[in-house]
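I wanted to note the rule behind each term as I went.

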Amino acid sequence: MHVKDSVWVLTLVSCLTVVNTTWAATLPVAGAASNLFIDRRLTIEKLNQSTVTLNEVSCKVVALELMAKLALLGAPASTSGVTSPPTPAFPGVTIFGGTGTPGTEINVEFLLWGIQAAMTEFITSGIYLETSFDIIWAGWRVGIMEFRRTETLQASKPAVQTPPGQAGVLSPPIEPLSATGRLTKVTFTILPNARRLDGNHVFLAMYEMIAGLAGINKDTEFVGTSTNSFRNAAELSLIISSVDEHGMPREEPPFMVFETIIDV
């Protein structure tokens, strides 16, 4: 079954009304479980914030790319440390995440929620500066994140690589994150009578979506249509439909899989 042979539609629209839904309730997959919203037991705290500015657009895109890579690992997975993949079209920002303690691992879901929370703070405040965060779960520090300007990182990189916020103390491995390997073609079509979308709200919606999809098996097939709303972008609605080459609802394989949704 090849995803490249299937056709599907993803539509992001501006809504007049807000529907109180979650991915777990709306995605038409039997037994699907996900957490669209950040668990209230998880918080982030600033370790330090410099006066070095980050490129706003690069920060948003790099964060989304890293969240997608983490989501492909799956929510039950854990890692000792990750770094954002290169994004040549959006340079200048690097994001690290990990435990900050050698020989230990952090739940991927904590990193996903942490990045989502950090980006929500950046976007809400409109201030993009180099910042280190503690990731707190139920009152316990479980990890660290660091948003760095790439030029600063290269200029200050020590001989032995160390995790964010722990220079000269620890040196955990940074795991490579691979892409899906699928050849995905995306075609954009402006809807009739389209209204302008708020770019910040689009990013906030995407962060929520990626964090929610992490809890679903990536090979699970998507069937039907799903309309989804977002806590941090209440005026947006994301509609995903599985259709055939004629634009009609797809009723037989091949169906799209969730890995493809994350990739797109």
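I began with the polar contact, a pair of N or O atoms within 3.5 Å; within protein, one must be able to donate a hydrogen and the other to accept it, and residues adjacent in sequence count only if both atoms are side-chain atoms. This is a predicted model, where local features need pLDDT of at least 70 and side-chain atom pairs count only at pLDDT 80 or more, while totals for chains, interfaces and linings use all residues. Residues are numbered from 1 along each chain as its sequence is written, and side-chain values use heavy atoms, with hydrogens and water left out.

Entry on T120. I found a polar atom of the T120 side chain 2.8 Å from the backbone oxygen of Q116. T120 lies in helix α3, residues 108-125 (helices are DSSP runs of H or I with at least four residues, strands runs of E with at least two, numbered from the N terminus). I noted that T120 is buried at 18% relative accessibility, since buried means under 20% relative accessible area, exposed over 50%, and partly exposed in between, with a 1.4 Å probe and protein chains only.

Entry on the rings. Rings of Phe, Tyr and Trp (its six-membered ring) pair if their centres lie within 6.5 Å, and planes under 30 degrees apart count as stacked, over 60 as edge-to-face and the rest as tilted. I counted eight aromatic pairs by this rule. In one of them, F122 and F147 have ring centres 5.2 Å apart and planes at 80°, so the pair is edge-to-face. The pair links helix α3 with strand β8 (residues 140-149), 25 residues apart.
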